[in-house]
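Please look over the sequence and the model shown here. The briefing that follows is grouped by topic.

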Amino acid sequence: MDVRFNMLDNEMAAKFFARFANAGLVIHQSPLPRTTQELVSLRASQINGCGWCIDMHTKEAAAAGETSVRLNLVAAWRESTVFTEAEQAALALAEEGTRLADAHHGVSDETWARVRDHYDDDQIAALVCLVALINAANRLAVIVHQQGGSYQPGMFAAAFH
């Protein structure tokens, strides 16, 4: 599978990505724990089959100190003992917010209540925005066949700052 189109070599797309990166920076600087941000981004990317984003968020999480055990178990978080209740609530929101077409209810009231139990309003705002943003990023990368494997920690942030 070859990359169909290099979005960063296109002037219009590069302008878009600069603003996209700024939106990501707002979330990155939010009070939502960095570990939670990376776990949520990784889980949504796994669901969407986005190799580029899986590569990015696995490496960014590891660079931030995340353990290989937890990274390896993100796809099976329900069957794992290594995630906190707060992280489980965020991962449930990520899954339900990503699989909107797969569920008639979208994000369930039960999942929303679990999120409300563990996060304050600013963290919830960041979490909801993160789920939307990572799903958009996944779609962009999957459409153009952006492949995983070459990402280096900090690479995306450095390109737009």
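Leaving aside its neighbours within four places in sequence, which residues is E95 in contact with? The partners of E95 are R43, I47, W77 and R78, where contact means heavy atoms within 4.5 Å. The model is predicted, so local features need pLDDT of at least 70 and side-chain atom pairs count only at pLDDT 80 or more, while totals for chains, interfaces and linings use all residues. Residues are numbered from 1 along each chain as its sequence is written, and side-chain values use heavy atoms, with hydrogens and water left out.

**Overall build**

- The protein has eight helices and zero strands; helices (H or I, at least four residues) and strands (E, at least two) are DSSP runs, numbered from the N terminus.
- The order along the sequence is α-α-α-α-α-α-α-α.
- A compact globule of 161 residues would have a radius of gyration near 15 Å, and the protein agrees with that at 15 Å. The radius is taken over C-alpha atoms, and the globule rule is 2.2 Å times the number of residues to the power 0.38.
- Along the principal axes, the C-alpha atoms fill a box of roughly 45 × 30 × 30 Å.
- Of the contacts between residues at least 6 apart in sequence, 70% join residues at least 24 apart.

**Surface and charge**

- Of the 161 residues, 41% count as buried. Buried means under 20% relative accessible area, exposed means over 50%, and partly exposed lies in between (1.4 Å probe, protein chains only).
- The accessible surface of the protein is about 8700 Å², and 56% of this surface belongs to carbon and sulfur atoms. Accessible areas come from the Shrake-Rupley method with a 1.4 Å probe; for residues, only the protein chains shown count as cover.
- There are 12 positive and 19 negative side chains, and the centres of the two sets lie 5 Å apart. Lys and Arg count as positive and Asp and Glu as negative, with His and the chain ends not counted. The place of a charge is NZ of Lys, CZ of Arg, CG of Asp or CD of Glu.

**Aromatic rings**

- The structure holds four aromatic pairs. Rings of Phe, Tyr and Trp (its six-membered ring) pair if their centres lie within 6.5 Å; planes under 30 degrees apart count as stacked, over 60 as edge-to-face and the rest as tilted.
- In one of these pairs, the ring centres of F16 and F17 are 5.8 Å apart and the planes meet at 75 degrees, so the pair is edge-to-face.
- F16 also pairs with F20, with 5.5 Å between centres and 35 degrees between planes, which makes this pair tilted.
- F16 and F20 are four residues apart in helix α1 (residues 11-28), so about one helical turn separates them.
- Ring pairs link F16, F17 and F20 into a cluster.
- F16 is partly exposed because its relative accessible area is 39%. F17 is buried at 10%, and F20 is buried at 13%.

- A21 lies in helix α1 and is buried, with a relative accessible area of 9%.
- A21 and L133 are 112 residues apart in sequence, while their C-alpha atoms are 9.9 Å apart in space.
- C53 belongs to helix α3 and counts as buried at 3% relative accessibility.
- Not counting residues up to four places away in sequence, C53 touches S45, I134, A137 and N138.
- From C53 to A64, the C-alpha distance is 16 Å across 11 residues of sequence.
- I54 is also placed in helix α3 (residues 51-63), and I54 is partly exposed at 26% relative accessible area.
- With residues up to four places away left out, I54 touches L42, S45 and Q46.
- E95 sits in helix α5 (residues 85-98) and counts as buried at 5% relative accessibility.

**A loop residue**

- H145 is found in the loop between α7 (121-143) and α8 (155-159).
- Most residues other than glycine have a negative phi.
- H145 is not a glycine, yet its phi is positive, at about 60 degrees.
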